[in-house]
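User: Could you take a close look at the salt bridges here and walk me through them?

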Amino acid sequence: MDSGPDGRALLLDRLDEAHRGSEARAVAIAARITGDLAEAADLVQEAYLRARGSLSRYRDETSMERWLLRIVVNLALKHVRWRDVRRRLGVFIPTPAPCSGTDELASRSDARRDLEAALQQLPAKQRAAFVLRHVEGLTLAEVAETLDVSTSSVKTHLRRATEKLRRDLRRWE
């Protein structure tokens, strides 16, 4: 893509359009990875700002939406890793806010709450792979591209996540 002023303006327009078109989906994905809706919204905004500052690194091989989603997922994974490190070091971490309103929580089934709790117990990469594949419906290749790992690595993360979820949710079989 042309890196001149006109090329940059075109890229900014495409980024803005991708952000508007995928913001709700990106927040939902980040919320499922982090377990915190407010933090997820902040991470999506941070991803957008980082993407604006890194437009020179964007390559046309992937869609602008996919590139932005990759940044969101990477920030969410980084956030979870640092949260886990702070917990191990004994730094106070407030309990994440639920991912939806209290009225909706009250009406959710026990099975869904248990599934969401079990998802939060998965390691970050397994959780991200599972959410992108089984909740968002991405193909294995798309999950691999988004997580910047090989397809075989995605399959391994998915297999381990599925095995752990089956063990944790055995009572619902």
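Analyst: Happy to! A salt bridge here is a side-chain nitrogen of Lys or Arg within 4 Å of a carboxyl oxygen of Asp or Glu. Side chains of opposite charge can pair when their charged atoms come close. This is a predicted model, where local features need pLDDT of at least 70 and side-chain atom pairs count only at pLDDT 80 or more, while totals for chains, interfaces and linings use all residues. Residues are numbered from 1 along each chain as its sequence is written, and side-chain values use heavy atoms, leaving out hydrogens and water.

The structure holds 9 salt bridges. One of them joins Arg32 to Glu136, with the closest N and O atoms 3.3 Å apart. Arg32 sits in helix H1 (residues 5-34) and Glu136 in the loop between H6 and helix H7 (140-147), so this pair ties together parts that are 104 residues apart in sequence. Helices are DSSP runs of H or I with at least four residues, numbered from the N terminus. Arg25, Arg32, Glu65 and Glu136 are linked in a network of salt bridges.

Another bridge is formed by the side chains of Glu142 and Arg66, at 3.4 Å from N to O. Glu142 belongs to helix H7 and Arg66 to helix H3 (residues 64-88), 76 residues apart. Arg66 counts as buried at 15% relative accessibility, whereas Glu142 is partly exposed at 26%. Buried means under 20% relative accessible area, exposed over 50%, and partly exposed in between, using a 1.4 Å probe and protein chains only.

Finally, Arg70 pairs with Glu145, their closest N and O atoms being 3.9 Å apart. Arg70 lies in helix H3 and Glu145 in helix H7, so parts that are 75 residues apart in sequence are tied together.

Definitions and conventions:
Helix = DSSP H or I, 4+ residues; strand = E, 2+ residues; numbered from the N terminus.
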